[in-house]
Structures are given as C-alpha cells and as structure tokens.
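Trainee: I have not seen this one before. Can you take me through it?
Mentor: Here it is.

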Amino acid sequence: MAHAAPTPGMRGSPDILGERTHMVAKWAVPVALGLVYGYWAAANRRSGGPITGWNLLFGFVTAIVFIALYIGVRALAPHMKREQHALVWTAFAGGAFGFLYSQTGASVLRSTGMAVAVSAACFLVFFYRYYTHEDAEGHRVS
C-alpha cells in the first residue's frame, strides 16, 4: 500500500488510497463528469422532447470535448502560478456553464452574462483556495 504511513515532516492526513486507486480515479472522474455533462447538454437541447439519434450524437460529442478540455486543464494548470491557476479553472468552469445555459434556448447575451457571473464566483473560490494552499510560484504548501 503506497503512502499508507505519514512520513516525517508530512502535514495533514496520510494518503490511505493506493497508486492504482489514484490511477483509476485520474481517468474515471473526467469520464464520469463528461458523461453527466454530455447528458445534461443533450437534455437541455431537446427541451423535454423525444430522444433522437442526433441528440445522442450531440451528447456524446459534447462529453468527449468536455473530457478532453478537463484533462488538458488538469494537466496544464498545476504548472502555473496561483493566479493563473485560478484563471484557467475559472475559464473552464465559466465556459462549461455558459455552453450548458446556451443550450436552453437563451439569448447569447443572457448566456454570456450568466457565464460571467458564474465565472466571477468561481474565480473568488479558486483564487482563495490556491492562495491559501500554494506559494507564489504555484507549489503546494499544505
């Protein structure tokens, strides 16, 4: 079992999960989130109407794009300073929300406004999180 016992100087709780569990979670989380996101986008687009082949295709393509973007952001963001780290996740969250909202049939202006509002709230949360858990260079401190 890897990382089961705390090492000297290690703060916080020990990692009780093995490397295999982390590897599975590394791929299972984006896939699960992507499938939920794709289903949600397809459901918004059909507005309660019948499920069609094009609607299924739209959902799966949306899921694949979401998964690819999530994996890209997750790989890129930790190599940035904390402010940029927060901005990258904020842009991802705001864009994802704006796209979902636009599928409801709302106007582009309203979708953009809602995405900006959600992005502002996300930025505050992400910035606080990274500011309190990373040093100025973006390295974890806790």
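Mentor: One term to begin with: contact means heavy atoms within 4.5 Å. This is a predicted model, where local features need pLDDT of at least 70, side-chain atom pairs count only at pLDDT 80 or more, and totals for chains, interfaces and linings use all residues. Residues are numbered from 1 along each chain as its sequence is written, and side-chain values use heavy atoms, with hydrogens and water left out.

Trainee: What is asparagine 44 in contact with, leaving aside neighbours within four places in sequence?
Mentor: Leu100, Gln103 and Thr104.

Trainee: Is asparagine 44 buried or exposed?
Mentor: Asparagine 44 counts as buried because its relative accessibility is 19%. Buried means under 20% relative accessible area, exposed over 50%, and partly exposed in between, with a 1.4 Å probe and protein chains only.

Trainee: And where is asparagine 44 placed?
Mentor: In helix 1. Helices are DSSP runs of H or I with at least four residues, numbered from the N terminus.

Trainee: Switching to helix 3, what covers its buried residues?
Mentor: The cover includes helix 1 (19–46), helix 2 (53–76) and helix 4 (108–133). Among the buried residues of helix 3 are Arg82, His85, Trp89 and Phe92.

Trainee: How many residues does the largest nonpolar core have?
Mentor: It has 16, and Phe66, Val73, Trp89 and Phe92 have the most contacts inside it. Helix 1, helix 2 and helix 3 each give two or more residues to this core, and helix 3 gives the most, with 6. A nonpolar core is a set of buried Ala, Val, Leu, Ile, Met, Phe, Trp, Tyr and Cys residues joined through side-chain atoms within 4.5 Å.

Trainee: What does phenylalanine 92 touch, not counting residues up to four places away in sequence?
Mentor: Phe66, Leu69, Tyr70 and Val73.
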